[in-house]
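Me: I have a protein structure open and would like to go through some of its side chains with you. Could you take it slowly?

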Amino acid sequence: MLSYRHLFHAGNFADVFKHALLVRLLAALARKAKPYCYLDTHAGTGRYDLAHAWAQKAREFEHGIARVWQRADVPAALAEYLALVRAGNPDGVLRRYPGSPCIARALLRPGDRMVLAELNRADFAELAEHFAGDRQVQVRRMDGFEALGAFLPPQERRGLVLIDSSFDRAGEFARIAAALAGAYRRWATGVYAVWYPIAAPPAVRRFEREVAETGIRRILQLELTVAPERGADAPPAGRMHGCGMLVVNPPWRLDEEAGPLLDWLRGALAQDGRGASAVRWLVPE
Ligand SMILES: C[S@@+](CC[C@H](N)C(=O)[O-])C[C@H]1O[C@@H](n2cnc3c(N)ncnc32)[C@H](O)[C@@H]1O
């Protein structure tokens, strides 16, 4: 079950999509002075060495962050995320890529805090070592779905939950829909960001139905595909050619801001620019 290691995929198109949106969600929380809590249910190791043999195996980052990190013509909504990546690679050579925990940590204000859950023993050890002694960060080796029950609602009553599963076991879409419903029952005003792969579109459509049937309101759906779904250039069946994010209780105007952002990413990351991006309300107000 825990054979998935994110280092093989670090900095790929899906990470760029996810982390660009993560930065927008955290920036929105920082618009108000009141402290917030960030809960990352599937945290990974926190940051990634792209020179490591695992990252070099398929060099997925070449089709992701490598294509955009030094571009000057980026939309304003991407600037903060790319500045973080550049700050980690000050000599102009792309070697380090920040995971969601390090991105979130960079944006945390002195009164904010974050909780990171990671189940893989080795990944947890690396994560815990990185944040050792950091009083704003709590790192737990535990199931991310159990973390929803253990840490929600946060005492701050404001914050973001990122559910970023590795989707390496059967039934994950249904598990996430049920976990989201449970978390929402505990804390209906939190912001939830749920990342998902697009490999088999019917599975995504079923997931949409399952989430819509939970009764949760205000769910924004964002998607990016980097290859056509059908035709001679389509990837082999079952291979991830896109990904999406459901955002429950999205910040004001994310729907307007995300459209141009994702369209720019599509142009930069899709094969011959032939992917697609979409922003729609899965469930409105
Ligand atoms: C996609 S990676 C996370 C990447 C990270 N969120 C980021 O953006 O940098 C998914 C992680 O979830 C871990 N994992 C898998 N199942 C889990 C579970 N049930 N609870 C917590 N972590 C889990 C995997 O070991 C892996 O490190």
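What follows is a chat about rings, charges and one serine.

Me: What should I know before I start?

Reply: This is a predicted model, in which local features need pLDDT of at least 70 and side-chain atom pairs count only at pLDDT 80 or more, while totals for chains, interfaces and linings use all residues. Residues are numbered from 1 along each chain as its sequence is written, and side-chain values use heavy atoms, with hydrogens and water left out.

Me: OK, rings. How many aromatic pairs are there?

Reply: The count comes to seven aromatic pairs, where rings of Phe, Tyr and Trp (its six-membered ring) pair if their centres lie within 6.5 Å, and planes under 30 degrees apart count as stacked, over 60 as edge-to-face and the rest as tilted. One of them is the tilted pair of F173 and F207, with 4.9 Å from centre to centre and 45° between the planes.

Me: Where do F173 and F207 lie?

Reply: F173 lies in helix α8 (residues 172-186) and F207 in helix α9 (residues 201-212), so the pair ties together parts that are 34 residues apart in sequence. Helices (H or I, at least four residues) and strands (E, at least two) are DSSP runs, numbered from the N terminus.

Me: Are F173 and F207 buried or exposed?

Reply: Both F173 and F207 are buried, and here buried means under 20% relative accessible area, exposed over 50%, and partly exposed in between (1.4 Å probe, protein chains only).

Me: Which residues form the aromatic cluster?

Reply: F167, F173, W195, Y196 and F207 form one aromatic cluster.

Me: What does K18 form a salt bridge with?

Reply: K18 forms a salt bridge with D164, the closest N and O atoms being 3.0 Å apart; the term asks for a side-chain nitrogen of Lys or Arg within 4 Å of a carboxyl oxygen of Asp or Glu. This pair links distant parts of the chain, with D164 in the loop between β6 (159-163) and α8, and K18 in helix α1 (residues 13-29), 146 residues apart. D164 is buried at a relative accessible area of 11%, and K18 is buried too, at 3%.

Me: How many salt bridges are there?

Reply: The count comes to 20 salt bridges. Among them is the one between E62 and R59, whose closest N and O atoms are 2.6 Å apart; E62 is partly exposed at 35% relative accessibility, and R59 is partly exposed at 29%.

Me: New topic: where is S165, and what is S165 in contact with?

Reply: S165 is in the loop between β6 and α8, and S165 counts as buried at 4% relative accessibility. Leaving aside neighbours within four places in sequence, S165 is in contact (heavy atoms within 4.5 Å) with H42, E172, I176 and W195.

Me: Which side chain does S165 join in a polar contact?

Reply: A polar contact of 2.7 Å joins the side chains of S165 and E172. The term covers a pair of N or O atoms within 3.5 Å; within protein, one must be able to donate a hydrogen and the other to accept it, and residues adjacent in sequence count only if both atoms are side-chain atoms. The side chain of S165 also reaches the backbone nitrogen of F167, at 2.9 Å.
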